[in-house]
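Student: I have a structure open and I want to learn to read it. Where do we begin?

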2 protein chains.
Amino acid sequence: MERLMDRIRADGRVIGKDILKIDSFLNHQVDVDLMEVIGEEFARYFRRKEITKVLTVEASGIAPAIFTARALRKPLLYARKSKPSTMDAGHYAAEVQSFTKGRVFDITVSASFLGPSDKVLIIDDFLAFGSTVRGLLEITSRAGAEVVGVGIVVEKGFQEAGRQLREQGIDLCSLVVIDRMSEGSVEMHGGIPAASAGHPRR
Amino acid sequence: MERLMDRIRADGRVIGKDILKIDSFLNHQVDVDLMEVIGEEFARYFRRKEITKVLTVEASGIAPAIFTARALRKPLLYARKSKPSTMDAGHYAAEVQSFTKGRVFDITVSASFLGPSDKVLIIDDFLAFGSTVRGLLEITSRAGAEVVGVGIVVEKGFQEAGRQLREQGIDLCSLVVIDRMSEGSVEMHGGIPAASAGHPRR
């Protein structure tokens, strides 16, 4: 996705060896127009799949996921990071490790909103070590629902999770894959083959 | 806003004396189509104001705020509830008390994204005791920015915050105001005068 790569080149900042800071348009301040294009891109890639729900986790997954849900005309469901007092007793939980926050926490989905008839598209902003996506896969599996694919805005290709998920047979679509990065330089490529411009034909 | 009131009547559930649970379409599972209409409604009400940025707080404010930002064609900025390691040293913080979670926490905005030239529209899902909105007002004031208005999806009119904010001279637009509620019954009215269908003329 050229437009996203241009934006990362213009506004991204590498901190240390493995943090890419793009909070001026993705996960603190949000370029809503770019998010809408991102949502349409995921919807195009997964258009041949039957999807009943788009699933993400609060908070930074919501922006790309809500526009994916909009383009697919399906509801969005976001896992909560703390169980509010208004959440029913019946819920599915999984443990997740935050890469940028350096701590472990539970993510939770109410059992009212996810069940065996659901076909779920998981969306998140970043994929690094994959803990969040694995937590969402666990929750979906506990609910008896099916995961039809995973869409990631920025995959850190030099970390393991992308390869592992693909080896597991998961249909993983990353809009941009970072090959390597260091201060002042980000090497990356688009994650969707240009020829198909969508989900690969079988 | 009739459509929102119909939805609250159909799917809302009152827990105890003062919790209205509408997480099947607002703040856990999200009816994206309804959120889009909500965003357009806020944009219509505040259309005569000069706005540079829409401000909310993660996570449940993001859905209504992102569609308000979309309708206004402005960026969204959401305050974080914990300072991630990728956030710059320069930031504005305020203390907020969560009504449903029963705890106090800091909300934080990077100083890079809010400054004296900003005219801010604050959006949130619920207004009860007003702690979150006051935190966002504090952050905006610390940044030297101006608040042009506050848009709330559901105001609990039987609690104090709405009246207090209006007395402070804040242009507060609540789409739905709950007058009173008890198990099985929610009395409410639309918060925008039908005659004006938008911001009141002066």
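Tutor: We begin with a term. Helices and strands are DSSP runs, numbered from the N terminus; a helix needs at least four residues and a strand at least two. Remember too that this is a predicted model.

Student: Where does Ala59(A) lie?

Tutor: Ala59(A) sits in the loop between β4 (53-57) and α3 (62-72) of chain A.

Student: What should I look for in the backbone there?

Tutor: Most residues other than glycine have a negative phi, and most peptide bonds are trans. Now the case here. The bond from Glu58(A) to Ala59(A) is cis, with omega near -5°. In chain B, a cis peptide bond joins Glu58(B) and Ala59(B), with omega about -5°. Ala59(B) is in the loop between β4 (53-57) and α3 of chain B.

Student: What is the phi of Arg73(A) near?

Tutor: Phi of Arg73(A) is near 55°, a positive value in a residue other than glycine. Arg73(A) is in the loop between α3 and β5 (76-79) of chain A. Arg73(B) also has phi near 55°, and it lies in the loop between α3 and β5 of chain B.

Student: Is Arg73(A) buried or exposed?

Tutor: Count neighbours. Arg73(A) has 10, so Arg73(A) is exposed. Arg73(B) counts as exposed too, with 10 C-beta neighbours inside 10 Å.

Student: How do I read a pair of helices?

Tutor: Two packed helices are described by the angle between their axes and the distance between the axes. Take α2 (residues 32-45) and α3 (residues 62-72) of chain B: the angle is about 55° and the axes are 7 Å apart. That makes α2(B) oblique to α3(B). Their crossing is right-handed.

Student: Which residues of α2(B) and α3(B) meet?

Tutor: Among them are Met35(B), Ile38(B) and Phe42(B) in α2(B), and Phe67(B) and Ala71(B) in α3(B). By class, the contact has 9 nonpolar, 2 polar and 3 charged residues.

Student: How many residues does α2 of chain A have?

Tutor: Helix α2(A) has 14 residues and reaches 20 Å from first C-alpha to last, close to the 20 Å expected. Its buried residues include Leu34(A), Ile38(A) and Phe42(A).

Student: And between the chains?

Tutor: The contact takes 31 residues from chain B and 31 from chain A. On the side of chain B that touches chain A, α3(B) gives the most, with 5 residues. That side has 15 nonpolar, 9 polar and 7 charged residues.

How values were computed: Residues numbered from 1 in each chain as written. Chains lettered and ligands numbered in written order. Predicted model: local features only at pLDDT ≥ 70, side-chain atom pairs only at ≥ 80, totals over all residues. Axes fitted to C-alpha atoms, helices over the stretch in contact; angles between N-to-C directions. Parallel < 35°, antiparallel > 145°, perpendicular 65-115°, else oblique. Left-handed = near helix turned anticlockwise from the far one by under 90°. Contact = placed C-beta atoms within 7 Å. Nonpolar A, V, L, I, M, F, W, Y, C, P; charged D, E, K, R; others polar. Expected span 1.5 Å × (residues − 1). Buried ≥ 20, exposed ≤ 12 C-beta atoms within 10 Å, placed from the backbone.
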